[in-house]
Amino acid sequence: MFKKVFSASLLIFGLSVTGFSQNQQQEQWVDSVYQKLNLEQRIGQLFMVPAYSNGSTEHLESLEALIKKRQIGGLIFMQGSPIKQIKITNRLQCLSKTPLLIGMDMEWGAGMRIDSTLSFPRQMALGAIEKDSLIYAMGQEIAREMKILGVHLNFAPVADINNNPLNPVIGVRSFSSDKKIVSEKALAYMRGLQENGVLACAKHFPGHGDSHQDSHLTLPKIDISQERLDTLELYPFKQLMNAGVASIMTAHVDMPAITKKNEPVSLSEKAISGFLRSDLQYQGLVITDALNMKAISGKYKAGEAEMEALKAGNDILLFPENIPEALEKIKLALRKKKIRQDQFEASVKRVLRAKYRAGLTGKWQPLNTENIIRKLNKPKAKFLQNSLFENTITTVFNADSLLPIVNLDNKYFASLTIGSTGQYDDYLDKYAPVVHYKYEASSNEILFKELKSYGVIMIAVADIDPAKDNYGISKDAIDLINKLGKETQVVLNILGTPYAIPLFSNASAITCSYENNIITQQLIPEAIFGAIKTSARLPVSIKNFPIGSGATTPYLQRLGFSIPEAVGMDMDVLNKIDGIAKEAINDKATPGCQVLVAKDGKVVFQKSYGYYTYDSLRPVTKETIYDIASVTKVMASMQAFMFLEERGVIDLDKKISVYLPELKGTNKENMIWRDILTHQAGLWPYLPFWKQTTDDPTLFHQFYHKEPSSEFSYQVSDNLYTSDVMQDSLWSWVVSAKLRDKEPHVPYDYKYSDMGYYI
């Protein structure tokens with residue numbers, strides 16, 4: 001077992017099993033550094049202290065003092081920003097005689113800790129995904145970002161099985177309540193990290209999933225049998241160990257099956273040195289969970305918890321509370337042989353070995369902060385983020401295949417939102433006319449009377465809080481939703497944990513996004529109306545819905561929304577549209593406009609510019625509707641003309657009368673196509689032909705009828721139809737239309753005209 005784990009670790013970090021010389025170089029470096037350190041410096045290597053890039057000057061100075069005086073081994077970066085973190089890393093790495101091992105909690109990406117970076121789905125959402133390759137790609141991308149930030153160790157994946165729905169600390173951080181799903185997804189994530197040069201950490205050993213208490217606040221007790229532990233909780237950890245996971249984090253939980261009474265696993269010699277090291281033969285890096293958590297903090301004298309953690313068999317003491325006291329207590333324990341010398345040496349060397357594998361063997365090469373936000377948010381990473389979230393959307397229940405909604409005719413849609421749902425309603429509006437309602441306390445009676453008459457009600461439930469009764473959803477809101485489900489079709493959309501689903505009954509369809517953010521707020525409406533397919537499956541068991549529940553819903557080829565890179569386009573190129581639109585407005589070619597770019601079924605660019613008119617009173621928005629003529633020019637007339645020109649059927653530099661002989665002998669006979677298209681042919685800007693049909697009231701009925709008939713088949717507007725001869729009349733009016741005045745032998749200047757499109 002020892003050889004199996006160790007060799008896997010070597011493979012992951014580029015040290016071939018047959019490459020003995022490389023392994024030898026590693027051990028030579030480790031031994032060399034170890035020998036140069038005195039006792040206090042060796043102890044210092046075992047401390048990993050918190051660093052806040054948004055911290056005060058005093059905080060940074062305290063870190064510098066710990067490095068200079070105590071030669072601490074590493075940092076765990078917490079809240080802050082990328083540029084500040086890199087600058088602090090450069091500064092502290094240059095100060096440290098032995099390179100610092102940098103760790104971060106990046107379970108769902110850099111966005112978990114620092115601003116201006118991406119957040120990927122939490123692990124429970126990932127547990128719903130069919131394709132493990134997407135999870136590997138996420139690990140790969142997180143590894144890329146970590147290298148940019150100078151981080152070597154990710155405290156992920158979470159290998160806990162969330163078999164207690166009331167768990168307040170794990171919850172959506174777990175992949176599943178099924179041990180095999182947890183193992184498969186955790187392995188994909190781990191390999192994505194480690195095969196791309198970043199150390200992974202399986203946590204929280206031996207399993208924190210079956211707890212109803214939060215170890216940040218108290219010491220949870222998980223009283224299960226050894227047999228249950230071996231066959232369930234330990235299963236993912238064993239799979240990860242066999243695959244060569246670089247490190248394991250020990251949990252602050254009391255587990256009598258492997259610990260003494262009221263003893264946390266993280267400080268238990270029986271659990272770590274005995275069970276993890278001896279029985280399971282794990283030889284990788286062992287790291288405590290944060291020692292400042294209330295499960296530990298305040299229950300031991302200063303420095304004692306750190307000493308006990310090292311004595312138990314941990315290698316890295318994470319978030320120590322009192323380093324000077326801890327150092328003295330560890331020195332005393334070594335002198336009194338409470339901590340074995342060989343065990344202590346092995347721990348220090350494991351830390352140094354991890355530094356070697358992380359490439360920390362030479363002089364520190366400062367990290368570059370130039371374009372750092374752009375580098376961390378590459379379009380490829382954003383595309384992956386969108387793909388991951390799209391593949392997590394789960395149609396948990398779908399009675400009579402209600403979703404996606406195929407037929408939009410003769411249906412009356414309403415939306416009811418509970419909590420902060422952001423852009424959810426905006427995206428519903430892109431697919432159908434929807435009347436929107438916002439839930440407010442004490443409004444049940446009014447809402448019920450108004451909503452029950454709609455054919456389909458799309459209800460979004462957000463602000464779901466597992467720590468509160470009914471997940472923070474009011475009983476009145478729950479009652480209203482359940483009552484509406486008896487009257488009409490309710491599509492229930494849970495923007496959060498699936499554990500809230502059993503609160504509701506009578507829904508015709510249920511979707512779950514596991515999280516509430518701007519991406520899921522967009523994706524749920526797309527799933528409802530078939531702009532994306534759904535194939536994810538429920539990763540946990542809940543009342544009425546066993547693990548694996550879910551319906552596959554089809555893609556109806558309706559437009560969805562994504563980023564340009566998703567369809568092989570470049571956002572930098574599309575952003576140049578801003579300048580073109582502004583130039584057109586400044587040159588008074590138009591007072592305002594909308595620009596929408598769609599490719600391969602995805603809208604990838606949509607912006608509004610300027611105003612309705614040049615008085616700049618009413619701005620153009622995404623809700624602005626343009627008359628059909630404006631749309632027809634671009635979508636029909638010009639498309640047809642481009643089609644003909646591409647195929648050589650029309651020559652832009654020939655006279656129009658070559659192609660339209662009826663214009664010979666008119667004032668338009670010698671016009672050139674190119675001039676017409678660039679509005680420089682002298683065509684009159686605007687002629688309201690409709691007035692010619694209304695100037696003489698006695699002739700009105702010759703042109704229009706209120707009802708359609710065989711002779712009046714062209715609809716003009718509601719309850720108004722025109723004669724079939726109108727087309728010929730309009731064309732004759734275009735042919736005979738006057739031209740703009742100009743000086744002889746002077747070309748026409750630019751003047752926009754609709755007439756060219758009619759022609």
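1. Let's start with Arg340, which at 45% relative accessibility counts as partly exposed. Its side chain meets that of Asp342 in a salt bridge, 3.0 Å from N to O. Keep in mind throughout that this is a predicted model.

2. Buried or exposed, what is Lys633? Lys633 is buried, at 12% relative accessibility, and Asp754 is buried too, with a relative accessible area of 16%.

3. Lys331 counts as buried because its relative accessible area, 14%, falls under the 20% cut-off. Glu40, at 30%, is partly exposed.

4. Zooming out on charge pairs, the structure has 27 salt bridges. Some residues are linked in a network of them: Asp105, Glu107, Arg113, Arg173 and Lys203.

5. Lys203 also turns up in the story of Asp289. Asp289 is buried but has no salt bridge, and Lys203, the nearest side chain of opposite charge, is 6.6 Å away. Why no bridge? A salt bridge needs the nitrogen and the carboxyl oxygen within 4 Å, and Lys203 is 6.6 Å from Asp289. You'll find Asp289 in the loop between β7 (285-288) and α11. Leaving aside residues up to four places away in sequence, Asp289 touches His204, Met249, Thr250, His252 and Leu318.

6. On to helix packing. How do α11 and α13 cross? The axes of α11 (residues 304-312) and α13 (residues 341-357) come within 9 Å and cross at roughly 95 degrees, which means that α11 is roughly perpendicular to α13. Leu310, Lys311 and Ala312 from α11 meet Gln343, Phe344 and Ser347 from α13. By class, this contact has three nonpolar, two polar and one charged residues.

7. Finally, the big picture. The protein has 759 residues, 53% of which count as buried, and it contains 27 helices and 20 strands. Its C-alpha trace spans about 115 × 65 × 50 Å along the principal axes. Among contacts with a separation of 6 or more, 71% are between residues 24 or more positions apart.

Terms used:
Residues are numbered from 1 along each chain as its sequence is written. This is a predicted model: local features need pLDDT of at least 70, side-chain atom pairs count only at pLDDT 80 or more; totals for chains, interfaces and linings use all residues. Side-chain values use heavy atoms; hydrogens and water are left out. Axes are lines fitted to C-alpha atoms, for helices over the stretch in contact, and angles run from 0 to 180 degrees between N-to-C directions. Helices (H or I, at least four residues) and strands (E, at least two) are DSSP runs, numbered from the N terminus. Angles under 35 degrees count as roughly parallel, over 145 as roughly antiparallel, 65 to 115 as roughly perpendicular and the rest as oblique. Contact means heavy atoms within 4.5 Å. Ala, Val, Leu, Ile, Met, Phe, Trp, Tyr, Cys and Pro count as nonpolar, Asp, Glu, Lys and Arg as charged, and the others, Gly among them, as polar. Buried means under 20% relative accessible area, exposed over 50%, partly exposed in between (1.4 Å probe, protein chains only). Lys and Arg count as positive and Asp and Glu as negative; His and the chain ends are not counted.
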